[in-house]
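Me: I would like to learn how to read a few features of a protein model with some care. Could you take me through them one at a time?

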Amino acid sequence: GMNAAVRAVVRVGIYLGAKVYFVHEGYQGLVDGGENIKEATWESVSMMLQLGGTVIGSARCQDFRTREGRLKAARNLVKQGITNLCVIGGDGSLTGADTFRAEWSSLLAELVKTGGITAEEAKKSNYLNIVGMVGSIDNDFCGTDMTIGTDSALHRIMEIVDAITTTAQSHQRTFVLEVMGRHCGYLALVSALACGAHWVFIPESPPEDDWEDHLCRRLTETRLEGSRLNIIIVAEGAIDKNGQPITSDDIKNLVVKRLGYDTRVTILGHVQRGGTPSAFDRILGSRMGVEAVMALLEGSPDTPACVVSLSGNQAVRLPLMECVQVTKDVTTAMNEGRFEDALKLRGRSFQNNWNVYKLLSHIRPPSTKSGYTLAVLNVGAPAAGMNAAVRSTVRIGLIHGHRMLAVHDGFEGLAFGMVEEISWERVGGWTGLGGSKLGTKRTLPKKYFEEISANINTFGIHGLIIIGGFEAFTGSLELMEGRAKYEELCIPICIIPATVSNNVPGSDFSIGADTALNTITTTCDLIKQSAAGTKRRVFIIETMGGYCGYLATLAGLAGGADAAYIFEENFSIRDLQMNVEHLTEKMKTTVKRGLVLRNERCSENYTTDFIYNLYSEEGKGIFDCRKNVLGHMQQGGTPTPFDRNFGTKMGAKAVAWITGKIKECSRHGRIFANTADSACLLGMRKRSLVFQPLSELKEQTDFEHRLPKEQWWLKLRPILKILAKYSIELDTSEKAHLEHITRKRISLESNI
C-alpha cells in the first residue's frame, strides 16, 4: 500500500502546483543526496498501484541517527529548495522525522556557519513541515485504526491458513502458525478471529499461569466434538505472565508430549510483507496521500508535525509525538507487566477483537439454558462473509444459553418450515467459506404472513437475526407492518447488512463488499497488464451494485481507473466526449492504456455496449477498445479477512443486543415487542457499530433505486478524478482537523 500513497502524494502535489521529489532509499538517500533525490512526474507513478513493497526503496539508516548525518540531509533538502517532507514508515521513521524538524533551525545555522549553505538559502528554507503516514504491517501504531500494509498482511496470512486447513483436516493434524508481531498481537488476533483458531498467543495479554492445562483441555474438547484439526496462532513476541517468551516450538512440544497429536509448526516470516496490496490498502494509501499533501500545504511553523490516519472510515490528523508517546506507553506497560493497561492503550477495536475472541474460543455454552430461542436466516443475494456472521451468531447465541435455529432459503424457508436446530459443531470451519451455507433468496415475506406467523409459533421463536442485503431491510419493514395484524411477528428483529452492493441504509459497509472489491481490483490488474502489453488499448469494465456506485467508485480508486460511471452522479454525452478526449491526450504520453468502469445500472441508455461503441468510434486510429462484464464472480470467492472479521464481530454484537431486547420485552413468560426500537439494523457508522430502528432508516432510503439517500463514499469521487488527471475543483470542506489522541483513548466502548 506504500506505492498507492507515494502515487497519491506525487499526483495531488503536482495537481496543486507543487514540485514533488522522490527520495530513494529512505533516510539513507536523504543523507547521501545526489541521484537519490529526483523530481517526480505524473507518469513516473503509473502502474505502481498493484505493486507490493515500495518502488522508491527503503533502508534502515544509522547515519540519520547522528547529528552529522542530519546536517548532510538538511543541506541536501535546502539545495533542492524542499521545505515539506512526507514520511511513510513506522514509529522509528516518524520519530526520526520529528527530531529532524525540531533541530532544523540549529542545523541551518550550523550549515551557514561552516559555509555549507548561503544565508540566502537558509532564509528561503527557514522552516520544515512534516507529515507522517504510518506504513507498518503490525498495525502497532496508536491513534490509527489501520496502518498501511496491515490488511495486505492479513490477506497473506489467511491465504496460508486456508491452505493449511485443508491439509490439516485430511491428516487430523494440529498446526502452530507463527505470525509477525514482536510487540503487537494485532495480526495474530485478527487472523485467529478470521479463521476461527482454537487459541492465540499475543504479547499484550499473556495466558493464565495454568495455560498448558487449559490449552490441552481445549484441544481435546474440539477433537471430541468431531473437529479433525486444531489451529493455534502465535505472535512472534508472545510471552507468559513473567515476560518469558512462548515460542511455537514450546507449544508444539507441549501438544506432542501431553496429547500425542501429530503437530506441525509453520513460521510465515517475510511472506507477510510481500505480495500484491489489497484493495483496502490501496484506497487507504491513496486517501492518506491526499490528506498528507493537504496537511503539508496548510502547515505553518507553529503547527505540530502530524500523522494522517484513519479512524473508522474518517481521515484524521493527529499530533505525531502524541501517537509515538502512546505507542511507547504500550511497550512500557507490557515491560512492567501492566497487561490490562497495554490492552486499553491499543484502543477500542483491539479490545473489541480480544473480547470476541475470548467469547468464541474460551467459553463453553452453559449447562443452564436461557429458555429463549433465536432464529438466524440469510436474505437476498449471496455475499462472502455471510457464513462467518452465521457462525458467530450461532456460537455466541449458544454461549448466552439460547436454543439456536437455522432457517434455510430466507423468508421462504421460514414460511415453509425449513427450520432446524443448529449446534456448535455444525458451524465449525464456516468463516472461510464464501456464498451462503444456509441458502438465501430474494423473496419478501408479505405474501407469507400466515405461514410465517404459524412457524414462529410452532418453533417457539423469540427473536430473528436476519443477515442479508436490501431485501433483508425491506422484508423486515414488511414484518413490522404485519405486527398490527399478527401478534407472532411482535418479536425483536435485528438485521446485519450483507451484500456486495453496499447499498443498505444505516451502514457505511456491508459484509461481502470488501471481497467483491478485491475481486474486481484483481481483475482490473490483470486487464491493465494485458492492455499495457498491446499498447493504446482502453478497457470498459462493467461492475455489479444495482444502482449503487460503491463498487465502481472504490474499484476505480484501487485499480487506477480513468473514469467510473455511476448512477449517483449524472453524466451526459458531453461528459463521455470529455473522457474520450482525455484518453486521447493520455495516449500521447508514455502511459498508453485506459481503464473505464461502469456500474451496471448507472444509466438506462448509456449502456456498456453504447459506451463501448462510442469509445471505439471516437478512438479510431488512436486507441482500440475491449469490454468486459464481470458478472457473478463478484458474489463468490473466499471472504477477505475484513469480511470474516466484520461478520464475526457483527454476529456477536447482534446477539448481545437481541438478548437484552428479549428480556426487556418479556411479560410473564411471553415476548411482546412492537415498539420501533425492537426492530433494528446494526451498522457501522463512521467510528462505531450502532443499532438503528428500521422506522428511522426508512426516512433515509430511496426505495425506487434501492439506495440510502446519503452515501459517505461519494466524497472520495474527486480523489479518483484528480488521480486520473482531470482538472476539477477539489472540495476540501470536509477537512480533517487536528485531534488529540490521549484523551480520546480512555473512553472505551461498553463491553460486548
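This is a predicted model: local features need pLDDT of at least 70, side-chain atom pairs count only at pLDDT 80 or more; totals for chains, interfaces and linings use all residues.

Me: How is a pair of aromatic rings described, and how many aromatic pairs does the count come to?

Reply: A pair of aromatic rings is described by the distance of the centres and the angle of the planes. In this structure the count comes to 22 aromatic pairs. For tyrosine 606 and phenylalanine 610, the ring centres are 5.1 Å apart and the planes stand at 35°, so this pair is tilted. Phenylalanine 610 has a relative accessibility of 32% and therefore counts as partly exposed.

Me: Which residues form one aromatic cluster?

Reply: One such cluster consists of Phe280, Phe509, Phe642, Phe646 and Trp712.

Me: Which residues form a positive surface patch, and is arginine 60 buried or exposed?

Reply: The positive surface patch is made up of Arg60, Arg65, Arg182 and Arg273. Arginine 60 sits in the loop that runs between strand E2 (37–39) and helix H3 (67–80), and because its relative accessible area is 81%, where exposed means over 50%, arginine 60 is exposed.

Me: Where is the place of leucine 630, and does it count as buried or exposed?

Reply: Leucine 630 belongs to the loop between strand E20 (624–629) and helix H22 (641–664). The C-alpha atoms of leucine 630 and histidine 740, which are 110 residues apart along the chain, are separated by 44 Å.

Key:
Residues are numbered from 1 along each chain as its sequence is written. Side-chain values use heavy atoms; hydrogens and water are left out. Patches are made of residues with over 30% relative accessible area and no salt bridge: like charges are joined within 9 Å, nonpolar side chains (Val, Leu, Ile, Met, Phe, Trp, Tyr) within 5 Å. Accessible areas come from the Shrake-Rupley method with a 1.4 Å probe; for residues, only the protein chains shown count as cover. A salt bridge is a side-chain nitrogen of Lys or Arg within 4 Å of a carboxyl oxygen of Asp or Glu. Lys and Arg count as positive and Asp and Glu as negative; His and the chain ends are not counted. The place of a charge is taken as NZ of Lys, CZ of Arg, CG of Asp or CD of Glu. Helices (H or I, at least four residues) and strands (E, at least two) are DSSP runs, numbered from the N terminus. Buried means under 20% relative accessible area, exposed over 50%, partly exposed in between (1.4 Å probe, protein chains only). Rings of Phe, Tyr and Trp (its six-membered ring) pair if their centres lie within 6.5 Å; planes under 30 degrees apart count as stacked, over 60 as edge-to-face and the rest as tilted.
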